[in-house]
Amino acid sequence: MQEERKKVLMVEDDFSIANIMTDILENPSVPGKSGFRVEHVAALGPGLQRLKAGNIDVVLLDLSLPDSSGFETFRKVRASAPEIPVVILSGLADESMAMQAVQEGAQDYLMKGQLDVQSIVRALHYAIERAEQQKKLKAMS
């Protein structure tokens, strides 16, 4: 039986990056892992609207968008959907921002120029698994 594809909401304004990431995520070369289903939006506003509609397993978030920029972008997503794991995909190689993001609840902070297929697929699968485990723990307490 094939594993159900998890749904990724990619919030990215660079369409070339979005297309590459969609190809990678929908057809991963990671053995034993099914591809994701990717929904792409190019700005934060539509991303927040899509999150409200539900049925998203993980958010892949750029921090530099036409309608929001910087760390506040992540905070708005977390406030809108605190139970959905967020993986930041940034062009900024800023270790202090990466650490701050993880401390405030981001599952990972990936840099666009330093990615390979296995790393991005693994980060998303791990983010989803951690969120599912946290839900189980919360339900038990």
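Helices (H or I, at least four residues) and strands (E, at least two) are DSSP runs, numbered from the N terminus. The structure described here is a predicted model, in which local features need pLDDT of at least 70 and side-chain atom pairs count only at pLDDT 80 or more, while totals for chains, interfaces and linings use all residues. Residues are numbered from 1 along each chain as its sequence is written, and side-chain values use heavy atoms, with hydrogens and water left out.

The chain contains five helices and seven strands. Followed along the sequence, these elements give the pattern β-α-β-α-β-β-β-α-β-α-β-α. The radius of gyration, taken over C-alpha atoms, is compared with a globule rule of 2.2 Å times the number of residues to the power 0.38. For 141 residues, a compact globule would have a value near 14 Å, and the chain agrees with its 14 Å. Along the principal axes, the C-alpha atoms fill a box of roughly 40 × 40 × 30 Å.

Contacts (heavy atoms within 4.5 Å) show how the sequence is brought together. Of those with a separation of 6 or more, 66% are between residues 24 or more positions apart. Residues are called buried under 20% relative accessible area, exposed over 50%, and partly exposed in between (1.4 Å probe, protein chains only). Buried residues form 45% of the 141 residues.

The charged side chains come next. Lys and Arg count as positive and Asp and Glu as negative, whereas His and the chain ends are not counted. Side chains of opposite charge can pair when their charged atoms come close. A salt bridge is a side-chain nitrogen of Lys or Arg within 4 Å of a carboxyl oxygen of Asp or Glu, and the count by this rule is seven.

One of these salt bridges joins Lys 6 and Glu 132, at 3.1 Å from N to O. Lys 6 belongs to the segment before β1 (7-11) and Glu 132 to helix α5 (residues 117-140), so that distant parts of the chain, 126 residues apart, are linked. Lys 6 is partly exposed at 24% relative accessible area, and Glu 132 is partly exposed at 27%.

Another salt bridge, 3.0 Å from N to O, is formed by Lys 112 and Glu 12. Because Lys 112 lies in the loop between β7 (108-111) and α5, and Glu 12 in the loop between β1 and α1 (15-26), this pair ties together parts 100 residues apart in sequence. Lys 112 is partly exposed, at 24%, whereas Glu 12 is buried, at 1% relative accessibility.

Arg 75 and Glu 72 also form a salt bridge, with their closest N and O atoms 3.7 Å apart. These two residues are three residues apart in helix α3 (residues 71-80), and are therefore separated by about one helical turn.
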